[in-house]
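Me: I'd like to go through a protein model together, one question at a time. Can you show me the structure before we start?

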Amino acid sequence: MALRTIRLQGDPVLEKHCKEVKEITPRISDLIDDMFETMYAESGVGLAAPQVGILKRIVVIDIGEGGIVLINPEILETSGEQTGYEGCLSLPGKSGVVTRPDYVKVKAFDENMEEFILEGTELMARAICHECDHLDGKMYTEMVEGDLINNEDLSSEEDA
């Protein structure tokens, strides 16, 4: 396993549509392991392959309940809404208010290319939507309501 360099907003790779994964190769397995290691090293809850420069439809998520791999994810259903601060490893130190669905149902393949359905609410729903957006070349900043803020400002606001 190895840490990968996270691409920052402005890098053209983050604006591209990712390609479907057809089979699990040793390189894809290594990529998934590296993505988890990189996400954990950066204290993230999700990471998409384009964020490490790979245009494949692969997402890793861990909201504190164990790691999940989504290969070729397809959102089947959403409902409700939640509004809250959201950040991104590709835009460190910044956050913005984003409204997302409060419930998401997604179909994907695991690291053995076995299809499964995942349902998530709250933070899991937000993470699924955020990471799937990356696979289509979209950043959360396109959805921010108002201005981006520095995370230091957010933490001092919460302390008040």
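**The largest pocket and the cysteines**

Reply: Keep in mind that this is a predicted model. Strand 4 (82–87), strand 5 (94–100) and helix 2 (122–135) each put at least two residues into the lining of the largest pocket.

Me: Which element gives the most to the lining of the largest pocket?
Reply: Strand 4, strand 5 and helix 2 each supply at least two lining residues. The top contributor has five residues there, and that's helix 2.

Me: How much space lies in the largest pocket, and which residues are closest to its centre?
Reply: The space comes to about 450 Å³. There are 24 residues lining this pocket, and the closest to the centre are Gly44, Val45, Gly87, Cys88 and Leu89.

Me: How many residues of the lining are nonpolar, polar or charged?
Reply: Let's sort the lining of the largest pocket by class. Five of its residues are charged and nine are polar, while the nonpolar ones number 10.

Me: What is the nearest cysteine sulfur to Cys88, and how far away is it?
Reply: A disulfide needs two cysteine sulfurs within 2.5 Å. Cys88 is in no disulfide, as the nearest cysteine sulfur belongs to Cys18, at 13 Å. Searching the whole structure gives a disulfide count of zero.

Me: Is Cys129 buried or exposed?
Reply: Cys129 is in no disulfide either, with the sulfur of Cys132 the nearest at 7.1 Å. To count as buried, a residue must be under 20% relative accessible area. Cys129 has 6% relative accessibility, so the answer is buried.

How values were computed. Residues numbered from 1 in each chain as written. Predicted model: local features only at pLDDT ≥ 70, side-chain atom pairs only at ≥ 80, totals over all residues. Heavy atoms only, no water. 1 Å grid on protein atoms, 1.4 Å probe; cavity = no way out; pocket = protein on both sides within 12 Å on 5 of 7 lines; lining within 4 Å. Points joined across faces, edges and corners; volume = space filled by probe spheres on them. Helix = DSSP H or I, 4+ residues; strand = E, 2+ residues; numbered from the N terminus. Nonpolar A, V, L, I, M, F, W, Y, C, P; charged D, E, K, R; others polar. Buried < 20%, exposed > 50% of the residue type's maximum accessible area, 1.4 Å probe, protein only.
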